[in-house]
Amino acid sequence: MTQKNFYITTPIYYVNDVPHIGHAYTTLACDVLARFKRLDGYNVRFLTGTDEHGQKVEKAAEKAGMNPKAFTDKVSQNFRDLCRTMNFSEDDFIRTTEDRHLKCAQAFWNKLVEKGDIYIGKYAGWYAVRDEAFYAESELVNGKAPTGADVEWVEEPSYFFKLSAWQDRLLKFYEQNPDFIAPESRRNEVLSFVKGGLMDLSVSRTSFKWGVPVPNDDKHIMYVWIEALSNYITAIGYPDVNSADFKNFWPCDLHMVGKDIIRFHCVYWPAFLMAADIAPPKRVFAHGWWTNEGQKISKSLGNVIDPLGLVKKYGLDAVRYFMMREVPFGNDGDFSHASMLRRMNTELANDYGNLVQRVVAFIHKNVGGVVPKNNGLQPADQEILNQAYGLIDKMRKELDVQAINKSLDALNGLVVSANQYVDTGAPWTLRKTDPVRMETVLYVLLEVIRHLGLASQAFMPEASAKVLDIVNVPAAKRTFAHAGAAHALVPGTALNPAVPVFPRFVEEDAAKTGT
Ligand code: MSP
């Protein structure tokens, strides 16, 4: 059988500041997709890391009174720590200050020079340090970048990438690859930007030092974006395009980005790659932005959400679930305490958690704590079992197009059906009237719980492990190859105690701990 590979990346994060909910969100979405693919039998490479060069980081280091190297070492570590706090499963964490990246970025540059796509000239125009982006005069809004960032006039010698020459080839590429940019609204945005005409792109600066020097002309520092984007190929061995990693993982299956950085990923990056004779990535998905209780998140408003604080307050898996469930993936979303509570107390504690609790506790009390016998299925049993056996297929379909919240709709749909099945099946009544039938109902419910445990692993790894422990599914039988009737629970197998899986959030607890 040929190996199935899957390469997924997060943007690399600027180390000018501490991580916030936006960073946690992008990486979480990738983590869920990466975990799901691994469970589905793929050889996954999940890359994240930090973007450490450029003027913005240089200025932040200056402000902190540190040299840029010491500063980036410190701040980059915060992003690594975030990965542990959030239980991310990255396979590699890249820092653009690493040697492997310097080598890759310079080789990539040389290749573009060799292909005749880079030339020397002089840049005169607007630059926004906050966005690390050049803007045309026509793009400015009231003297600022369209993002609201301050711009400064820059006039200096610069190397240029012949972006203008790539307009038609880019448009052809988008046309031939309609799934390259998602969601649709972002695709339209990119199309109209490119159709509007492309200017050559300044790709080096001489006014600061913190970056990768241009090969053979070290007065020039590479523009941070051309350098940063190449991290995606550094991590799989570029310039060695014959390495096993490069062959297995390029073109990348998915670059996950926020909506603010699509131009870099969907216009500049495929143009650079095509110019260097490398295939563009298969897909770029742009997610939306979070607000806090309805307000834009910003340092000046003092409402930045610290992911560590959320995890302390609500618990890790509840936070992971909430972020993936609350917002149709691709749209903007709002974080509010009320909606967090609703999701964790209703969908997790009352519905999913309580289902496991009441079924397993009942079996311990009345059926000797073992998997009961299947004494023959009735249509209602078959119906819910089919829903359980089809759950992973349904979720896979949604996740393949990054409809992450919809995949959770499917999970919740099964939880809701299972609770209805408990109510109509009423095992507590059957205990007296028809114990043989009761066994079958409980057996069916345990199979449903097993599938819920399997299917929720990518979203809530720790809670799902508890569910699977309770129904005694061995570690080796937790991949998706074990879903379905062929690997059903064996009657007579001992169950473990029904430990609580999804704690409820009670306001007094928050008052006690002062959170
Ligand atoms: N360094 C560049 C990316 C280079 S990739 C080759 C960068 N870094 S960043 O740290 O500013 O942003 C990283 C990601 O965080 C972006 O995808 C951005 O959309 C995301 N978010 C920042 N604030 C956010 C919210 N409030 N909500 C959701 N995501 C947001 O850009």
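User: What share of the 515 residues in the protein chain is buried?
Analyst: This is a predicted model, in which local features need pLDDT of at least 70 and side-chain atom pairs count only at pLDDT 80 or more, while totals for chains, interfaces and linings use all residues. Residues are numbered from 1 along each chain as its sequence is written, and side-chain values use heavy atoms, with hydrogens and water left out. A residue is called buried under 20% relative accessible area, exposed over 50% and partly exposed in between, with a 1.4 Å probe and protein chains only. By that rule, the buried share of the 515 residues is 57%.

User: What is the radius of gyration of the protein chain?
Analyst: The protein chain has 19 helices and 17 strands, which are DSSP runs (H or I over at least four residues for helices, E over at least two for strands) numbered from the N terminus. The globule rule, 2.2 Å times the number of residues to the power 0.38, is compared with a radius taken over C-alpha atoms. For 515 residues the rule gives 24 Å, and the protein chain comes close to this value, so it is as compact as a globular protein of that length, with a radius of gyration of 26 Å.

User: Among contacts between residues at least 6 apart in sequence, what percentage joins residues at least 24 apart?
Analyst: A contact requires heavy atoms within 4.5 Å, and the C-alpha atoms of the protein chain fill a box of roughly 90 × 55 × 40 Å along the principal axes. Among contacts between residues at least 6 apart in sequence, the percentage that joins residues at least 24 apart is 77%.

User: How far apart do the centres of the positive and negative side chains lie?
Analyst: Lys and Arg count as positive and Asp and Glu as negative, whereas His and the chain ends are not counted. Each charge is placed at NZ of Lys, CZ of Arg, CG of Asp or CD of Glu. The protein chain has 58 positive and 61 negative side chains, and the distance between the centres of the two sets is 4 Å.

User: Which residue of β9 stands opposite F160?
Analyst: Strand β5 (residues 118-128) is joined to β7 (residues 152-161) by 10 bridges, and across this pair Y119 stands opposite F160. On the other pairing, 2 bridges join β7 to the antiparallel β9. There, the residue opposite F160 is S202.

User: What is the relative accessible area of Q402?
Analyst: Q402 is found in the loop between α14 (379-400) and α15 (404-425), and its phi is near 60°, a positive value in a residue other than glycine. Q402 is buried, with a relative accessible area of 5%.

User: How far apart in space are the C-alpha atoms of F285 and L254?
Analyst: F285 has its place in strand β14 (residues 284-287) and counts as buried at 3% relative accessibility. Beyond its neighbours within four places in sequence, F285 is in contact with residues including A182, F329, Q402 and L254. F285 and L254 are 31 residues apart in sequence, and their C-alpha atoms are separated by 7.2 Å.

User: Which residues does N231 touch, not counting those up to four places away in sequence?
Analyst: N231 is found in helix α8 and is buried, with a relative accessible area of 0%. With residues up to four places away in sequence set aside, N231 touches I12, L47, I94 and H101.

Note on methods
Pairing = 2+ DSSP bridges.
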